[in-house]
Amino acid sequence: MKKTILIIVLGGAILVAIVLFRTFSFTAPQLSNTLSPVNVKSDGSLLSQAISYETISHKREMRDDSVFLAFHSFLQKSFPKLHRQLTRELVNEHSLLYTWEGADLSKKPLVLAAHMDVVPVDYASRNDWDVAPFSGVILEGNIYGRGTIDDKGSLIAIMESIENLINQGFKPDRTIILAFGHDEEIGGNEGAKAMAAILEKRSIQAWMVIDEGGTLANGIVPGIEGTVALIGTSEKGYVSLEVSADMAGGHSSMPEPMNALEAVNRAVYILKENPLPDRFSEPIQGFIDYIGPNLPFVQKMAFANTWFFKPIIFNTYKKSASGAALVHTTQVVTMFNSGLKDNVVPTRARAVVNYRLLPGDNPQGILSRAKDLINDTMVKVTIFDDFAVEASPISNHESLEFEFLAKAIIAVNPNAIVSPYLVLGATDGRYYYNITDKVFRFSPIPLEKEDLNRIHGVNERVSVMGYEKSVSFYATLIKNS
């Protein structure tokens, strides 16, 4: 008995020693500031004006082409030197592809991507805005309007940085390509996908592509009070499943033991009760490695020893919807249709379950899993709208390109902690893997926690100071590339 106790105590001591050793030796990759920042002054007026163009993404037959063309004219008038120095191409009538040829053509080009289209504003919410959503009003140091965060802020900052560099007499050593899509919010098929295909056809191999997705998160990452620069190295995949049943209906006074609505409801309940397992994908493991050493001791200990504390970490992440989405493939019912009248048993029912896929999961695997779980011959499970996208490939956060991008961020934001990240939504970036395996998602506009609900929501805005820093970031990135 004493021997058993001794073994247990000794084993516990060894375990504690291992945990503490790993904790105290847990350090983040060193990303020193070795780039010279380019500080650009901007009052945000150009972004303010850009917001007034209601470049809303609709289905092609609903799109207001004249607004997009007017926006193009605005860009030409606002950035005259850029349009004299760079080659401009129109792709599928509305997307813009610019090339600023560098002096050294042996260097792979840098591609900066953004999109000019925005989501609509819900008419019912218009009165909840502090200003008109397409006014671009600058109020108390903030530029308001749909698109300030997503994604005209980045687009105008890129162009303003280049106009400023040209004014300084700068000419790039490396070719700079600007790819500005017009339909990102509805899939990007005519914009980014087409531009990526053009670049591939020209045999262009990019140094790296930088698109939206990550951000300068101020006080958003739990345990970190300051700024974390989140660089998306991958984005989740997408598939929706339609769960349907067609069965005999009839009068509600003589119901059968099961009807279509009940069958689909039961199937959806089974899926709900069987969520996909939690796991650390490569981008989140990178996040742990970069963020963990900067956390308070207890959290640092957990991140340094995920092999032991994994269940605790998962439970902590799952306390918030955004945290849970980082560690598993999500599933949620988004549509449910059935029934015509209160006294008529429905003959048909349909539900749509949306999934956002972690790297490693795939649409066909999700479909097969759902069928096996439901296991009901009365219920049909198919891919909704025949649309399915796997998670994007993962760009290496240990590469020289990632390190350069991190240094450019630190040059303008010296106190920022840089980290890889998994982007939960979809971006145009997924189309550019045909020209490089280094696709990084980062928007340099600072966001506070309260700003997260402003994206696609009410009172979307960026601070003038934050926008100015964005212009400086792109100027620093381009000049040092």
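## Leu326 and its setting in the chain

Leu326 is buried, with a relative accessible area of 8%, which falls under the 20% limit that defines the buried class. The model in which this residue is placed is a predicted one. Leu326 belongs to helix α11, which covers residues 321-327, and the chain that holds this helix has 14 helices and 19 strands. The radius of gyration of the chain is 25 Å, close to the 23 Å given by the globule rule for 481 residues, so the chain is as compact as a globular protein of that length.

**Surroundings of Leu326**

- When neighbours within four places in sequence are left aside, Leu326 is in contact with Ile284, Tyr317, Leu358, Tyr421, Leu422 and Leu424.

**Overall fold and dimensions**

- Taken along the principal axes, the box filled by the C-alpha atoms of the chain is roughly 80 × 75 × 50 Å.
- Of the contacts in the chain between residues at least 6 apart in sequence, 82% join residues that are at least 24 apart.

**Burial, surface and charge**

- Buried residues account for 54% of the 481 residues in the chain, and Leu326 is itself buried.
- The accessible surface of the chain amounts to about 22,100 Å², and 53% of this surface belongs to carbon and sulfur atoms.
- The chain carries 45 positive and 53 negative side chains, and the centres of these two sets are 5 Å apart.

Technical notes:
Residues numbered from 1 in each chain as written. Predicted model: local features only at pLDDT ≥ 70, side-chain atom pairs only at ≥ 80, totals over all residues. Heavy atoms only, no water. Helix = DSSP H or I, 4+ residues; strand = E, 2+ residues; numbered from the N terminus. Rg over C-alpha atoms; globule rule 2.2 N^0.38 Å. Buried < 20%, exposed > 50% of the residue type's maximum accessible area, 1.4 Å probe, protein only. Contact = heavy atoms within 4.5 Å. Areas by Shrake-Rupley, 256 points an atom, 1.4 Å probe, with all protein chains shown as cover. Lys, Arg positive; Asp, Glu negative; His and termini not counted. Charge placed at Lys NZ, Arg CZ, Asp CG, Glu CD.
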